[in-house]
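Please examine the sequence and the structure shown below before reading on. The briefing that follows is arranged by topic.

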Amino acid sequence: MKAEIREITLAHGNGGKLMHELIEKLRIRLSNNILDELTDAAELRIKGRRLAFSTDSYVVKPLFFPGGDIGKLAVCGTVNDISMKGAKPLFLSLSFIIEEGLEFKVIEQIADSIKKEAKKAGVLIVTGDIKVVEKGACDKVYINTSGIGVIDYPKRISAKARVGDAIIINGSIAEHGMAILNARENLGFKSAIKSDCKSLNFEVERALSTSNNISVLRDPTRGGLATALNEIAEASNLGIEVYEKEIPVKRSVLKLCSILGFDPLYVANEGKFICFVNGKDAKRIKRAIGPKSKIIGKVTTTNKREVVLKTRIGSGRILPILETDQLPRIC
Amino acid sequence: MSSNIKIKLMEVCGTHTMAIARSGIKKLLPESIELISGPGCPVCVTPQHDIDKAIAVAKLEDVIMTTFGDMIRVPGSRGTLSEAKMHGADVRVVYSCMDTLTIAKKNPKKKIVFMGVGFETTSPTIAATIKEAKRQGIKNFFVLSNFKCLFPALETIASSKKIGVDGFICPGHVSVITGTHAYEAVARRYKKPCVITGFEDMDILKGIKRLAEKIRDNSYNVEVEYKRVVKKNGNPKARNVLNAVFKPHDSDWRGIGEIKKSGLVFRKEYRDFDADREFNIKIPKPAPQKGCLCGEVLQGIKSPKDCKLFRKACTPKRPIGPCMVSAEGTCAAYYKYES
């Protein structure tokens with residue numbers, strides 16, 4: 001029998017089961033009622049104002065990839081985390097950990113990209129920090145951003161969906177993960193797949209101003225759509241049903257996934273969000289978000305804490321949480 | 001079609017097992033059609049001893065080990081390549097064996113060893129890499145040959161009364177190389193119809209339908225439902241490359257045991273690339289794992305659900321048997337898609 005895992009492995013950072021176990025170990029030690037909610041951003045109340053506060057670190061490799069770079073990602077990642085709380089993001093902090101030897105032009109290029117994306121998202125970088133570490137202590141550059149936003153939405157956006165909610169996604173999945181993989185591994189596939197990385201705050205704002213019946217907003221980053229849906233089913237103590245044929249995946253992404261043995265439902269996104277809203281408002285929200293959005297499923301009282309995928313050929317199966325890294329297959 | 005006869009069909013290939021589970025095909029079939037999974041996942045059938053040997057080689061001071069992603073988490077009797085990597089061994093995942101040659105050229109002072117697993121789909125590409133290495137005069141590249149040949153295993157299963165398979169759903173991609181000829185012998189000699197099919201839902205459903213019809217009609221032949229890629233004569237060029245570098249040899253299959261002429265060893269002309277010869281690692285064969293039913297699962301005798309370790313001690317996170325490790329292993333497919 002194999003012994004308990006004693007060391008942190010890469011799978012502890014992939015958004016799947018092991019990462020949840022690690023988070024739980026830390027949460028127990030640091031517990032308070034705000035942290036315990038474990039949403040991407042915390043909701044704070046200060047003198048009657050509701051604020052959303054979030055932090056995230058960016059370690060993407062390669063630093064520059066089709067559709068984005070670490071700087072753009074560091075802005076939109078945190079902007080999106082704040083947006084998923086139903087907040088309007090306003091201010092970001094910015095910290096660099098830089099490996100000695102990094103060329104100035106690289107850091108300047110990243111800073112320019114940060115400036116561009118912050119402008120696009122309408123947020124200000126208001127404070128920052130730089131640390132330089134010896135060669136080998138980090139891989140070129142890591143970035144941390146934290147952010148603050150204000151919440152004006154009358155209801156609380158939480159991790160809990162409600163019975164009767166429909167699930168809407170704003171576009172096609174798995175593009176960020178596959179673009180990074182293709183760039184990182186030098187697979188040699190000439191592909192037009194670009195990361196979907198973008199700030200979602202304006203799309204979310206349009207959804208929020210269309211209906212007061214939104215219960216959950218979530219950006220399915222690491223672990224992909226399947227993992228995000230599982231987390232919501234678990235937190236809500238309800239079932240989720242999604243329809244395979246409604247989930248948008250670009251053909252190029254599907255093909256690359258199929259060559260490498262990846263399931264797009266578990267591949268990371270950086271410019272997608274899912275919105276749980278009362279079924280009666282679903283079509284209006286879909287229109288408000290944009291033409292690429294789709295209603296992909298609903299919340300059910302059956303199959304509690306599980307996600308059921310209705311397959312293309314009319315069968316059904318459980319869509320489980322990601323256990324370990326998806327590995328490329330060999331034949 | 002009359003449904004009062006019960007038939008048992010085996011999908012030989014792991015990619016089919018995964019596709020069947022992913023689309024929920026089993027739930028749509030009448031009770032009279034049972035699908036069982038076969039030994040067609042190369043990672044799963046690699047014996048622990050071979051993995052132990054690969055780990056021992058990877059741990060050598062001047063070695064860089066490369067392999068396909070699936071392989072690095074497969075447990076031998078003393079851990080995995082991934083654990084060896086965590087503790088300092090230089091183990092790298094490659095997507096093509098040719099990448100190993102690039103690594104070899106960049107690291108002339110190191111010995112680069114490719115841990116080779118796979119069926120006829122994969123092995124010709126490794127053979128081509130070895131030929132290329134010879135052509136370029138690369139001296140620091142070696143291959144651990146754990147390749148398997150599908151047909152001897154298929155014959156073992158077809159001839160087994162214990163398993164009682166009525167027909168085979170055969171893998172499209174292996175057949176692209178082998179052609180259909182080799183299946184003919186299995187179909188005729190053992191009266192087991194074979195349908196070669198692709199990996200889309202509809203390909204598989206069509207394959208199942210055709211097999212059921214063939215069994216009903218006592219028509220023991222081979223049919224290609226994957227004509228868009230599989231040709232009768234396969235890919236003779238790929239087979240020639242394979243045969244130039246390797247020759248068949250008796251080989252151990254994890255959980256099944258030795259099958260005659262089901263593995264590949266280096267021919268004399270290419271033995272300089274043989275990692276076994278270069279490193280000559282001798283390690284004892286481990287005792288069989290207690291309670292693990294992978295051997296029976298690989299032959300379609302038992303289902304993962306019959307195994308006491310399944311979902312309890314053995315999960316994708318902490319796999320005990322190989323069928324749980326590979327994304328295309330039967331246990332992993334059951335774990336992920338069938339509850």
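In which helix of chain A does A:Ile23 lie? A:Ile23 belongs to helix H1, which covers residues 17-30 of chain A; helices (H or I, at least four residues) and strands (E, at least two) are DSSP runs, numbered from the N terminus. The model is predicted, with local features needing pLDDT of at least 70 and side-chain atom pairs counting only at pLDDT 80 or more, while totals for chains, interfaces and linings use all residues. Residues are numbered from 1 along each chain as its sequence is written, chains are lettered from A and ligands numbered from 1 in the order in which they are written, and side-chain values use heavy atoms, leaving out hydrogens and water.

**Surface of chain A**

- A:Ile23 counts as partly exposed because its relative accessibility is 32% (buried means under 20% relative accessible area, exposed over 50%, and partly exposed in between, with a 1.4 Å probe and protein chains only).
- Together with A:Leu26, A:Leu30, A:Leu35 and A:Leu38, A:Ile23 forms a nonpolar surface patch with about 430 Å² of accessible area.
- Patches are made of residues with over 30% relative accessible area and no salt bridge, with like charges joined within 9 Å and nonpolar side chains (Val, Leu, Ile, Met, Phe, Trp, Tyr) within 5 Å.
- Accessible areas come from the Shrake-Rupley method with a 1.4 Å probe, and for residues only the protein chains shown count as cover.

**Interface between chain A and chain B**

- The size of an interface is often given as the accessible area lost when the parts come together.
- Between them, chain A and chain B bury about 3200 Å², and 60% of it is on carbon and sulfur atoms (buried area is the accessible area, 1.4 Å probe, that two parts lose on being put together, summed over both).
- On the side of chain A that touches chain B, H1 and strand E14 (316-318) each supply at least two residues.
- The contact (heavy atoms within 4.5 Å) takes 34 residues from chain A and 40 residues from chain B.
- Between chain A and chain B there are 0 salt bridges (a side-chain nitrogen of Lys or Arg within 4 Å of a carboxyl oxygen of Asp or Glu).

**Salt bridges**

- Over all chains, the structure holds 35 salt bridges.
- A:Arg156 pairs with A:Glu37 in a salt bridge whose closest N and O atoms are 2.8 Å apart.
- This pair links distant parts of the chain, 119 residues apart: A:Arg156 is in the loop between strand E7 (141-151) and strand E8 (165-169), and A:Glu37 is in the loop between H1 and strand E1 (42-46).
- A:Arg156 is partly exposed at 37% relative accessibility, and A:Glu37 is partly exposed at 31%.
- A network of salt bridges links A:Glu37, A:Glu43, A:Arg50, A:Lys85 and A:Arg156.
- In chain B, the side chains of B:Lys111 and B:Glu278 meet in a salt bridge (2.8 Å, N to O).
- B:Lys111, in strand E5 (residues 111-118), and B:Glu278, in helix H12 (residues 275-279), are 167 residues apart, and the pair links distant parts of the chain.

**A buried residue in chain B**

- B:Ser123 is found in helix H6 (residues 123-136) of chain B.
- B:Ser123 counts as buried because its relative accessibility is 1%.
- Not counting residues up to four places away in sequence, B:Ser123 touches B:Phe147, B:Leu242 and B:Leu264.
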